[in-house]
Amino acid sequence: MLGNRTFGSAGAKLTIPGGPAKAATPGLVGMGAPSTPPAQAAPDALIKDATDASFMVDVVEASRTQPVIVDFWAPWCGPCRQLTPAIEKVVNAAGGAVKLVKINIDENPAIAGQLRVQSIPTVYAFVNGQPVDAFQGALPESQIKAFIERLTGPVGPSDLEELLGLAKESLELGDIGGAAQSFAGVLQIDPENVPAIAGLARCYLMGGDTERAVEIAAMAPADSKDPDLAGVRAALSLAAAPVSETSPLEQKLVANPDDHEARFELANALAGSGDLQGAVDHLLTLIEKDRSWNDDAARKQLLTVFEAAPPGSDVARTGRRRLSALLFA
């Protein structure tokens with residue numbers, strides 16, 4: 001990110017077709033990229049394609065009334081395909097506070113050349129007819145939002161973000177049907193939304209349809225680090241483990257409360273059947289009796305149970321407090 005700065009260099013001029021000369025900006029040192037075009041412009045006045053000939057009207061003059069973001073891309077640019085939809089999403093979420101103009105540099109090389117664009121994607125922000133900020137490369141949505149907010153002030157949540165928030169709230173309140181409907185609505189808008197995938201999988205799991213939950217969770221990238229997805233994967237892992245009969249294990253503990261193997265197996269059986277609170281209670285008891293038993297197995301399994309607990313559940317919140325009390329007593 002180049003940050004807010006003065007653009008231009010002594011002796012260099014940016015000549016915009018159809019308009020007066022402007023100071024040029026220094027080149028942006030970046031990287032090349034391969035393959036495929038970005039998404040097409042949305043049928044919205046906030047987002048449009050422009051040319052060298054229309055740059056004066058679409059960008060310079062338009063930026064006198066509101067900030068204009070200019071996205072320089074090309075059909076062969078892979079990172080452009082990643083960046084453009086993310087910019088469009090944030091621009092739409094800004095609710096008209098900023099416009100997006102996209103320029104294909106293969107068909108319109110003049111402005112890119114005069115701005116000394118050296119790699120794509122490169123994005124410029126124009127205000128009052130002048131470039132005021134820029135970045136190059138495919139940034140994550142959070143950084144794009146920060147870039148735009150420097151021009152417009154805080155950007156409120158998008159419709160998708162509001163729907164996702166509603167889904168999570170419904171899930172925390174135990175409204176599985178309402179949550180599932182909202183998560184599905186998010187996925188209709190954004191089929192690759194990982195938190196929504198995780199949420200919908202959680203809904204199926206809580207509804208007793210483990211097979212469908214596994215199918216939904218598999219829609220997410222295998223290397224995703226999303227915490228909601230990690231939680232539902234942990235829950236599915238517990239549910240997939242072979243479940244032992246609990247009665248014989250309980251009888252063993254009645255006969256010998258210090259039978260750690262039986263207690264650990266009972267905790268796993270309870271977790272696999274969905275009784276996470278019961279599992280936590282037995283694992284904490286085991287830790288209290290013998291913290292290091294079986295290479296710290298009880299604590300490790302307890303952390304998996306905490307991760308698997310549904311959002312808003314007291315299981316993890318109170319369980320972590322109880323674990324801390326034991327470990328630091």
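Student: Where does Arg-116 lie?

Tutor: Arg-116 is placed in the loop between α3 and β6, where helices (H or I, at least four residues) and strands (E, at least two) are DSSP runs numbered from the N terminus. This is a predicted model, in which local features need pLDDT of at least 70, side-chain atom pairs count only at pLDDT 80 or more, and totals for chains, interfaces and linings use all residues. Residues are numbered from 1 along each chain as its sequence is written, and side-chain values use heavy atoms, with hydrogens and water left out.

Student: Why is Arg-116 called partly exposed?

Tutor: Its relative accessible area is 36%. Buried means under 20%, exposed over 50%, and partly exposed in between (1.4 Å probe, protein chains only). Arg-116, at 36%, is therefore partly exposed. In its backbone, Arg-116 has a positive phi of about 60°, although it is not a glycine.

Student: Which peptide bond is cis?

Tutor: The bond from Ile-120 to Pro-121 is cis, with omega near 0°. Pro-121 is also in the loop between α3 (109–114) and β6 (122–127).

Student: What makes Asp-296 count as buried or exposed?

Tutor: Asp-296 has 18% relative accessibility and so counts as buried. It lies in helix α13, residues 293–308. Asp-296 is not a glycine, yet its phi is positive, at about 65°.

Student: How is Ala-97 classed, and where is it found?

Tutor: Ala-97 lies in the loop between α2 and β5 (99–104). With a relative accessible area of 30%, Ala-97 is partly exposed.

Student: Which residues does Ala-97 touch?

Tutor: Not counting residues up to four places away in sequence, Ala-97 touches Gln-66, Pro-67 and Thr-152, contact meaning heavy atoms within 4.5 Å. Ala-97 and Gly-153 are 56 residues apart along the chain, and their C-alpha atoms are separated by 8.9 Å.

Student: Why is Leu-205 called buried?

Tutor: Leu-205 has a relative accessible area of 17%, so it is buried. This residue belongs to helix α7. Apart from neighbours within four places in sequence, its contacts are Thr-210, Ala-213, Ala-235, Leu-236 and Ala-239. For Leu-236, 31 residues away along the chain, the C-alpha atoms of the pair are separated by 7.7 Å.

Student: Why are the buried residues of α8 said to line one face of the helix?

Tutor: In α8 (residues 210–217), the buried residues are Ala-213, Ile-216 and Ala-217. Seen down the axis, the buried residues fall within an arc of 95°, so they line one face of α8; the arc is that of the directions from the helix axis to the C-beta atoms. Their cover includes α7 and α9.

Student: What is meant by the largest pocket, and what is its volume?

Tutor: On a 1 Å grid over the protein atoms alone, a pocket is an open set of points where a 1.4 Å probe fits, with protein on both sides within 12 Å along at least five of seven lines; lining residues have an atom within 4 Å of a point. The largest pocket has a volume of about 810 Å³, a volume being the space filled by probe spheres set on the points, which are joined across faces, edges and corners. It is lined by 25 residues, and Pro-85, Ala-86, Lys-89, Glu-141 and Asp-190 are the closest to its centre.

Student: Which elements supply at least two residues of the lining of the largest pocket?

Tutor: They are α2 (78–93), α5 (159–172) and α7 (194–206). The largest share, 8 residues, comes from α2.

Student: What is the volume of the second largest pocket, and which residues lie nearest its centre?

Tutor: The volume is about 240 Å³. Among its 13 lining residues, Leu-205, Ala-235, Ala-271, Gly-274 and Leu-276 lie nearest the centre. The elements that give two or more residues are α7, α9 (227–240) and α11 (260–272).

Student: How much of the chain is buried?

Tutor: Buried residues make up 46% of the 329 residues in the chain. Its secondary structure comes to 14 helices and 7 strands.
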